[in-house]
Amino acid sequence: MTPPLAAAPASRAGAPRVLIVFYSGYGHVAALAAALRDGAIAAGADVTVRRFAETMSAADAKLMQLDAPNQTVEPCTPIDLATSDAIFFGFPTRFGTAPAQVQALFDETGGLWHQGQIGRA
């Protein structure tokens, strides 16, 4: 069983801020996110786990039998991206491209890119 993704230790002063953002319809990517979280914590990072917000209707999600436990993890916001030192994204592909849930978040970041608040390596 995959450990709960919402659980995280208290913030560590001076530690790199790592953000893990995932979309998992059936639990496979959530398991990868949990493993990544555990490894980053073990390496001394201050880890935050977020999910891509669901854009599908509740009725359609139920029809597709999507993984309901993902809803216990807070959705990612553009500000989460701007306040992290490192970001890991995890999501499946849909017909060779990112799911709409992923694109919806990326579409919200235009102002932050323009201001230079994200994408500065």
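Predicted model: local features only at pLDDT ≥ 70, side-chain atom pairs only at ≥ 80, totals over all residues.
**Exercise 1. Pairings of β1**

Task: State how many bridges join β1 to β3, and over how many bridges β1 and β2 pair. Then identify which residue of β3 is the bridge partner of I20 and which residue of β2 stands opposite I20.

Solution: 
- β1 is joined to β3 by five bridges, the two strands running parallel.
- The parallel pairing of β1 with β2 comprises six bridges.
- Between β1 and β2 the chain passes through α1, and this β-α-β crossover is right-handed.
- On the β3 side, I20 has F88 as its bridge partner; in β2, the residue opposite I20 is V49.

**Exercise 2. Burial of β2 and of L19**

Task: Explain why β2 is described as largely enclosed, and decide whether L19 is buried or exposed.

Solution: 
- Five of the six residues of β2 are buried, so the rest of the structure largely encloses this strand.
- L19 belongs to strand β1.
- The cut-off for burial is a relative accessible area under 20%; L19 has 1% and is therefore buried.
- Setting aside neighbours within four places in sequence, the contacts of L19 include T48, R50, C76, D80, L81 and F88.
- L19 and F89 are separated by 70 residues in sequence, while their C-alpha atoms are 8.5 Å apart in space.

**Exercise 3. The two sides of helix α4**

Task: Identify which residues of α4 (residues 100-107) are buried, and where they pack. Then name the exposed residues on the face turned away from the buried side.

Solution: 
- The buried residues of α4 are Q101, V102 and L105.
- Viewed down the axis of α4, these buried residues fall within an arc of 100°, so they line one face of the helix.
- That buried set packs against β1 (17-22) and α3 (78-82).
- A100 and D107 are the exposed residues carried by the face turned away from the buried side of α4.

Conventions: Residues numbered from 1 in each chain as written. Heavy atoms only, no water. Buried < 20%, exposed > 50% of the residue type's maximum accessible area, 1.4 Å probe, protein only. Helix = DSSP H or I, 4+ residues; strand = E, 2+ residues; numbered from the N terminus. Arc of directions from axis to C-beta. Contact = heavy atoms within 4.5 Å. Pairing = 2+ DSSP bridges. Right-handed = clockwise from strand over helix to strand, strands pointing away.
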